[in-house]
Amino acid sequence: MDTSSAPIFGFNAARETIVREVVERVVESAKDPLHYLNDAAYCEIKRLETSKNKRDQERLSQWQKLARTIGRMTASERLEQVRDLATDYAWDVAGNFDPRVYQASTRILPPLVTALLSPRKLATLVKEPRSVLHLDGLADKVAVAGPLQKLQGLCKKGVMVYVPTHLSNMDSIIFGYALERAGLPPATYGAGKNLFTNRILSFFMHNLGAYRVDRRLRHTLYKDVLKTYSCILVERGYHSLFFPGGTRSRSGGIERKLKLGLVGSAIEAYARTVRAGREKRVFFVPATINYLLTLEAETLIRDYLSEVGKSRFIIEDDESTRLGRMATFVRKLLDMESSVIIRFGEPIDPFGNAVDDNGDSFDRRGRQVDPASYVRDAEGHVVLDAARDAQYTRELGDEIIKSYLKETVIMATHVVATACFARLRQSSPRQDLFSVLRQRDALVIPRDELAADVRHLKEQLVEMESRGEIRCGDFVRSASGGDLVERALRAFAGYHTTPVLVPRREGIAIQDPNLLFYYQNRLASHGLGWDVLGGPIGSAGRPLAAAHAAAPTLAGGR
């Protein structure tokens with residue numbers, strides 16, 4: 001499929017117009033400029049007053065001055081101040097797309113990603129630089145699956161909004177490669193500004209459609225600029241990528257509740273195109289990004305388990321931000337082969353209805369429905385209704401989560417970690433999570449018993465897959481329990497700075513319960529891992545029937 005005609009290839013020519021449109025729409029919607037400004041000043045002063053950074057101190061002084069003068073401003077002066085701030089924020093957010101970098105990246109990124117996923121290839125790249133031009137090296141490392149032909153057809157009929165799970169800072173690059181590999185056009189996407197501190201990631205993100213999201217800014221004006229920017233991109237036909245989890249999964253588990261602000265902006269965009277008489281169909285595509293191992297797993301699970309970390313939304317010091325740490329990480333991969341699977345789910349319309357190959361929508365009873373009817377009132381007029389759209393967004397979020405559960409791909413590390421953690425829990429003198437996690441080097445599992453546990457767990461997974469409840473990786477589906485254990489051992493030994501499982505003469509010793517917990521969490525929402533993640537699944541608080549299982553059933557009923 002030729003993707004060079006996608007709207008994003010003309011983005012830079014439209015960038016200034018898009019920014020102006022964002023600013024005008026935000027200003028027009030500013031019913032209470034005083035509230036906008038007071039909220040922004042309060043949030044920014046609170047954020048900056050503890051910073052020792054010189055530039056932050058200068059900004060703090062500016063915000064304090066604004067806070068003192070807001071009350072004396074006339075209505076027109078307040079509106080102009082809103083305009084100035086919205087303009088600054090819109091330009092800071094606005095992305096960039098360089099077709100030359102995109103074309104080069106389709107040749108350069110695959111071997112770079114290959115080097116991360118299978119570093120034995122790194123020596124080949126050093127000895128034979130021409131191999132940089134070949135895509136084949138990544139083909140057996142990153143698998144792309146799902147209804148690809150259907151998605152290729154829908155790209156020509158409307159705007160695609162991809163909503164994948166989020167585990168790693170590598171996700172945006174990996175997913176971008178997956179789109180190219182699947183014959184789908186590139187998409188714009190929001191990336192945390194903290195990611196732009198990594199020079200390599202920053203170069204590609206800056207030139208491949210990423211727009212900057214400053215998660216430190218919590219006030220309404222900034223959020224409205226961000227949502228409006230996203231809305232206008234979809235209105236203009238730019239395919240988009242949102243990570244609705246909002247941030248990487250700290251626990252390693254599937255997202256249970258989503259941050260739906262940007263998702264909601266796409267619903268608003270659809271309504272606006274219908275009202276303008278130029279309807280653009282919008283198709284949401286849930287997807288799962290599945291890693292045999294996660295680059296930042298150690299930092300993420302430590303952050304999740306820390307009481308302080310539970311409230312830390314932005315991590316600026318993990319493995320993906322330090323080139324030296326990444327180099328050490330790569331050297332530790334030299335003796336192993338890894339894999340990533342991007343699994344696209346079935347597309348749905350903005351209201352959670354199934355979509356066929358022609359882009360037509362069908363409700364749960366199989367009846368064809370007109371998506372435009374969802375944004376019309378009783379008289380047939382298209383209405384922009386924030387409360388109505390918020391409810392649609394919540395229902396859409398529930399459908400996305402259901403798709404995540406069905407399209408999660410389970411790999412050897414997840415299965416073996418789940419079996420080992422169940423054993424560790426059974427051997428713990430106390431059954432609370434932190435007591436279990438303190439059992440470092442306290443348990444050795446005989447190999448044959450662990451292989452039997454893994455085989456039994458695999459059989460449960462295969463049965464669930466037959467019911468359409470989950471996906472098994474090809475190796476998981478076909479391998480024996482012993483082979484799954486060996487693959488997980490090789491993976492764990494090659495990736496993490498501390499041993500996870502250590503082979504001994506008497507069996508497999510558990511060395512790092514925290515990482516076992518991280519990887520077993522991938523099965524927690526399906527009822528096969530120990531579910532202590534907390535919270536219901538979905539916006540309506542409806543937990544899955546099996547979501548709170550005490551532990552997986554082990555071989556022999558242990």
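The points below go from the whole chain to single residues.

1. The mean pLDDT of the protein chain is 84, and 79% of the residues score at least 70. Among the elements, helix α6 (residues 120–127) has the lowest mean pLDDT, 40, while strand β8 (residues 354–355) has the highest, 98.

2. Besides helix α6, with its mean pLDDT of 40, residues 311–322 have a pLDDT below 50. Where pLDDT is low, the predicted coordinates should not be read in detail.

3. Overall make-up. The protein chain has 558 residues, of which 58% count as buried. Its secondary structure comes to 21 helices and 15 strands. Of the contacts between residues at least 6 apart in sequence, 76% join residues at least 24 apart. The chain exposes about 23900 Å², and carbon and sulfur atoms supply 50% of that area.

4. Main core. Which residues have the most contacts inside the largest nonpolar core? They are Y162, F175, I342, F344, F421, L501 and F517, in a core of 87 residues. Helix α16 (residues 412–427) supplies the largest share of this core, 8 residues. In soluble globular proteins, nonpolar side chains tend to be buried together.

5. Surroundings of F517. Leaving out residues up to four places away in sequence, F517 touches I301, Y304, L305, F421, L433, L437, V532 and L533. One of these partners, F421, is also listed among the residues with the most contacts inside the core.

6. Second core. A separate core of 71 residues includes Y229, C231, V375 and Y392. Y229 and C231 are both buried residues of helix α11, so that helix is taken up next, with its burial judged at under 20% relative accessible area.

7. Helix α11. This helix covers residues 220–235, 16 residues in all, and reaches 22 Å from its first C-alpha to its last. That is close to the 22 Å expected at 1.5 Å a residue. Helix α11 is mostly covered, with 12 of its 16 residues buried. Among the buried ones are L221, Y222, V225 and L226, and the run from T228 through Y229, S230, C231, I232, L233 and V234 to E235 is buried too. After the helix comes G237, which has a positive phi, near 90°.

8. Salt bridges around R236. The whole structure contains 33 salt bridges. In one of them E21 pairs with R236, with the closest N and O atoms 3.2 Å apart. E21 lies in helix α1 (residues 11–28) and R236 in the loop between α11 and β5 (240–241), so the pair ties together parts that are 215 residues apart in sequence.

9. The side chains of E449 and R423 meet at 3.1 Å, N to O. E449 is in helix α18 (residues 447–466) and R423 in helix α16, so this bridge ties together parts 26 residues apart in sequence. R423 counts as buried at 12% relative accessibility, whereas E449 is partly exposed at 29%. R430 also forms a salt bridge, with D432, and there the closest N and O atoms are 3.7 Å apart. R430 counts as exposed at 55%, and D432 is partly exposed at 31%.

10. A buried asparagine. N521 lies in the segment after α21 (513–520). With a relative accessibility of 1%, N521 counts as buried. What does N521 touch beyond residues up to four places away in sequence? Its contacts are S251, G252, G253, I254, W530 and L533. L533 is also touched by F517.

Note on methods
Residues are numbered from 1 along each chain as its sequence is written. This is a predicted model: local features need pLDDT of at least 70, side-chain atom pairs count only at pLDDT 80 or more; totals for chains, interfaces and linings use all residues. Side-chain values use heavy atoms; hydrogens and water are left out. Helices (H or I, at least four residues) and strands (E, at least two) are DSSP runs, numbered from the N terminus. Buried means under 20% relative accessible area, exposed over 50%, partly exposed in between (1.4 Å probe, protein chains only). Contact means heavy atoms within 4.5 Å. Accessible areas come from the Shrake-Rupley method with a 1.4 Å probe; for residues, only the protein chains shown count as cover. pLDDT is the predictor's confidence in each residue, from 0 to 100. The expected span of a helix is 1.5 Å times one less than its number of residues. A nonpolar core is a set of buried Ala, Val, Leu, Ile, Met, Phe, Trp, Tyr and Cys residues joined through side-chain atoms within 4.5 Å. A salt bridge is a side-chain nitrogen of Lys or Arg within 4 Å of a carboxyl oxygen of Asp or Glu.
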